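Q: Please take a close look at the charged side chains in this model. Who pairs with whom, and in what setting?

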Amino acid sequence: MDSALQLIIDRVQAAAASGTPLRIRGGGSKDFYGQTPQGEVLDVTPLAGITSYEPTELVVTVRAGTPLAELEALLAERGQCLPFEPPRFGPGATVGGMVAAGLSGPARASVGAVRDYVLGATLLNGKGELLTFGGQVMKNVAGYDVSRLMAGAMGTLGLLTELSLKVLPVAPAEATLKFGMSQSEALAKLNRWGGQPLPLNASCWVDDAGAPTLYLRLRGAIAAVEAACKTLGGERQDQAAAAPDWTLCRDQQLPWFLERGERDLWRLSVPQTAPVLDLPEPPLVEWHGAQRWVRAAAGEAQRLRHAAAAVGGSATLFIAGGARPEMAEGRFDPLKPPLDRIHRQLKKEFDPAGIFNRGRLYPDF
């Protein structure tokens, strides 16, 4: 065991003994997400480095504090990638933060979420015990798939130290098509196209400077992409210009996001087939209709939660605007009693003293 890991283990064990809350932090690129972080900062960036990489096996094992950009650069050298396109939100984003936040980029609806690519994880529980779950192959789990449970847990169940991830080859062909159409037209077409054998990879509908526009990205075999372009029509975009725009979409750097001002940014997760919702203004729609970003003034929480719940979805205050960093009722939709009980029992098992990222997911635990 190296000195960096031993120091962190000692710190966790001391915190558990004293009941001192710890705020797990990598690059800090997602400090805005979830409830306001509490406790003493526990820096995991010393836990960095690629432990092993087997390109022919499509698996990489990496320490949690490794910069995400470093991992993506290594994969790109071998023509491989993290297909779920994890958002960075800043140059300091780490692999551990990527998994803990559980966020995925534009391709998520077509290729799966970050949790679908987690093969194994090593973590410290709230007692300072080093535990390993899963491994380096897809079918290796007996019992509970704890490694994937860590995706989206926001560090509340344990401190990730190392992760094994499935990677994929970069698609041989890619094209972006542009369509001028309303939100309702875009949703209808995306639903129809989704039932056809088309290499759909990502979509983004936005009111682009007063012009409602759908951008559709295709990825796959060269023949499949070219055939789809002919079938779907639309205006084919220059790929050298389109590719950076999808990166900006992933990291919320498109003008639509930057023009938010003092308003809140809400994330509505709904079924892809959900119709146009009653919202303060037209959203930016991703994931073929399943993810809808909404800019809204303070005080719109009830309206947005109701709109999402009415179609079987949920609403999250992703970024609080202005000088209002917190909400008494929480950033995330309240859990229903059965799920709340499961969350609390898991927290009790993994972190009995409640020292890890206290209140990060829900205000009271």
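A: Start with glutamate 226, which counts as partly exposed at 32% relative accessibility. Glutamate 226 sits in helix H7, residues 222-232. Helices (H or I, at least four residues) and strands (E, at least two) are DSSP runs, numbered from the N terminus.

A word on the source. This is a predicted model, where local features need pLDDT of at least 70 and side-chain atom pairs count only at pLDDT 80 or more, while totals for chains, interfaces and linings use all residues. Residues are numbered from 1 along each chain as its sequence is written, and side-chain values use heavy atoms, without hydrogens and water.

The chain has eleven helices and 17 strands. Its C-alpha atoms fill a box of roughly 60 × 50 × 35 Å along the principal axes. Of the 365 residues, 49% are buried.

Next, the charges. The chain carries 37 positive and 38 negative side chains. Lys and Arg count as positive, Asp and Glu as negative; His and the chain ends are not counted. The centres of the two sets lie 4 Å apart, with each charge placed at NZ of Lys, CZ of Arg, CG of Asp or CD of Glu.

Side chains of opposite charge can pair when their charged atoms come close. How many salt bridges are found in the whole structure? The search finds 19. A salt bridge here is a side-chain nitrogen of Lys or Arg within 4 Å of a carboxyl oxygen of Asp or Glu.

Take glutamate 72 and arginine 88. Their side chains meet in a salt bridge, at 2.4 Å from N to O. Glutamate 72 lies in helix H2 (residues 68-77) and arginine 88 in the loop between strand E5 (80-81) and helix H3 (95-101), so the pair ties together parts 16 residues apart in sequence. Glutamate 72 is buried, at 15% relative accessible area. Arginine 88 is partly exposed, at 26%.

Move on to aspartate 333 and arginine 305. Their salt bridge spans 2.5 Å, N to O. This pair links distant parts of the chain, 28 residues apart: aspartate 333 is in the loop between strand E17 (314-319) and helix H11 (337-350), and arginine 305 is in helix H10 (residues 301-310). Both residues are buried.

Strand E17 also holds threonine 316. Threonine 316 counts as buried at 10% relative accessibility. Beyond its neighbours within four places in sequence, its contacts (heavy atoms within 4.5 Å) are Tyr33, Leu265, Trp266, Arg267, Arg331 and Phe332.

One more pair remains here. Aspartate 351 forms a salt bridge with lysine 347, with the closest N and O atoms 2.7 Å apart. Aspartate 351 is buried at 1% relative accessible area, and lysine 347 is buried at 10%. Finally, salt bridges that share partners join Glu72, Arg88, Arg250 and Asp251 into one network.

Notes:
Buried means under 20% relative accessible area, exposed over 50%, partly exposed in between (1.4 Å probe, protein chains only).
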